[in-house]
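My notes follow the model itself.

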Amino acid sequence: MMKIFYRKKKDDSLGSLSSITWKRLRKNKLAMGFLIFVLIVSLVAIFGYLIVPDSTPYANNQHIEIAAKKPGFTIDLIKIKKNIKEQQQSVFRKMFFGEKNDFDEIPLYSWSFSGSHLLMEAYTGDQPNDGEIKKFHIVDIVYAVPDTTKIIFANGIYTMEDIGGNKIQISESDLKEKIQKSHIVKRKFILGTDRYGRDMLSQLVIGARVSLSVGFIAVFISLVIGILLGSLAGFFRGWVDNLIVWFINVVWSIPSLLLVIAITFALGKGFWQVFIAVGLTMWVDVARIVRGQIFSIREKEYVEAAKALGFSNFRIIFRHILPNVLGPVIVISAANFSSAILLEAGLSFLGIGVQPPMPSWGTMIKEHYAYIILDSAHLAIFPGVAIMLLVLAFMMIGNALRDALDVRSTD
């Protein structure tokens, strides 16, 4: 008896919801481009202190002499060793907190050796320069020399002996060569310097940490509160629903920015206070969406079956209902992420957000918006463009996720 076999054609439309969503999302080239952009910004922010030119805490190495310079500005700096004990720290600590500078850096216009000293003219930026002439002993430039250190110079050799009897010997010629190679450096500021002479690129990179952090933490807080209240209201209905809806309407009736400002005043100014304040104002939309979705899902057959099997309400909500409402929640979270970035920038611009010396894109705009009419508009434009691109990226990703999660859409 002849058997006929049919090969089943592979149906790409079948598969898990996550695989179908990812397949649809990949077809949106613009959204994928913005997703890659967000990933790059996130990686740059995480590894910030390891890759930026200024790795001091908060990228706060100031040189007033070179304030508000144009992008691409180049200058020579002399690095003079501080008379402090050299600090050693791990790469991970440097990555998150930066590294204190063991050197004083001074912009210089010209320099020359005079015996055992280095003479330098400080940079002023004027024409002619007419800067202060400073004089440094070559040993003080290279080594940390406390007052208790004994220095002896004989036959062109410097001998330094500390209070513990430890000795260092180095010739005068080697000292001068070391200064020329390692202590007089040419520094290029790719994006110029700000009003305090800080590296603009380093400020932007470290400032990205604040924007991304406030987005993640605020969205996390809003999800915890919104999902919890929305689930309780949608599942139990009755007086629980009425109470939560009343609370939602009260919070929703207050403008978000005013509510954030009020919470900030109550909690105080600072890094973590901003995150909490923004998060406490963004849960309303999440709660409304979760409540509406659960209203339609709680009457489904599998929910009734779970109740018949004696499962607890907690298990039914979090194991059987919530996984089916995550799609809209993910979309609203992307929109809330961009809103959190804008709120943080607005608070910092008003001076009640992240406080100096911690860099923030909003603070950078506040400090430099007057330079727009002073031939240095880039000082305010750079952080403004950074905010615009990051907000646009999350909005486009959110729209793409909405389309990808739409069951009515076809490939």
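The entries below record what I looked up, element by element.

**Ground rules.** I am working from a predicted model, where local features need pLDDT of at least 70, side-chain atom pairs count only at pLDDT 80 or more, and totals for chains, interfaces and linings use all residues. Residues are numbered from 1 along each chain as its sequence is written, and side-chain values use heavy atoms, with hydrogens and water left out.

**Helix α7.** I took helices (H or I, at least four residues) and strands (E, at least two) as DSSP runs, numbered from the N terminus. I checked the length of α7 first. Its 37 residues should span 54 Å at 1.5 Å a residue, and the end C-alpha atoms are 54 Å apart, so the two agree. The expected span is 1.5 Å times one less than the number of residues. Next I looked at burial (buried is under 20% relative accessible area, exposed over 50%, partly exposed in between; 1.4 Å probe, protein chains only). Of the 37 residues of α7, 26 are buried, so the helix is largely enclosed by the rest of the structure. Just after α7, I noted R237 with a positive phi of about 55°.

**Helix α10.** I listed the buried residues of α10 (271-279): V274, F275, A277, V278 and G279. They pack against α7 (200-236), α9 (256-267), α11 (283-297) and α14 (326-350). Contact here means heavy atoms within 4.5 Å.

**α14 against α16.** I found α14 and α16 (residues 378-404) packed at about 165°, with axes 7 Å apart. That makes α14 roughly antiparallel to α16. Angles under 35 degrees count as roughly parallel, over 145 as roughly antiparallel, 65 to 115 as roughly perpendicular and the rest as oblique. Axes are lines fitted to C-alpha atoms, for helices over the stretch in contact, and angles run from 0 to 180 degrees between N-to-C directions. From α14, I noted I330, F337 and I341 among the residues in the contact, and from α16, L390, F394 and R402 among them. The contact residues divide into 14 nonpolar, two polar and one charged. I counted Ala, Val, Leu, Ile, Met, Phe, Trp, Tyr, Cys and Pro as nonpolar, Asp, Glu, Lys and Arg as charged, and the others, Gly among them, as polar.

**I78.** Is I78 buried or exposed? It counts as buried, because its relative accessibility is 0%. I placed I78 in strand β1 (residues 73-81). Leaving out residues up to four places away in sequence, I78 touches D104, E105, I106, L108, L118, M120, I141, H183 and I184.
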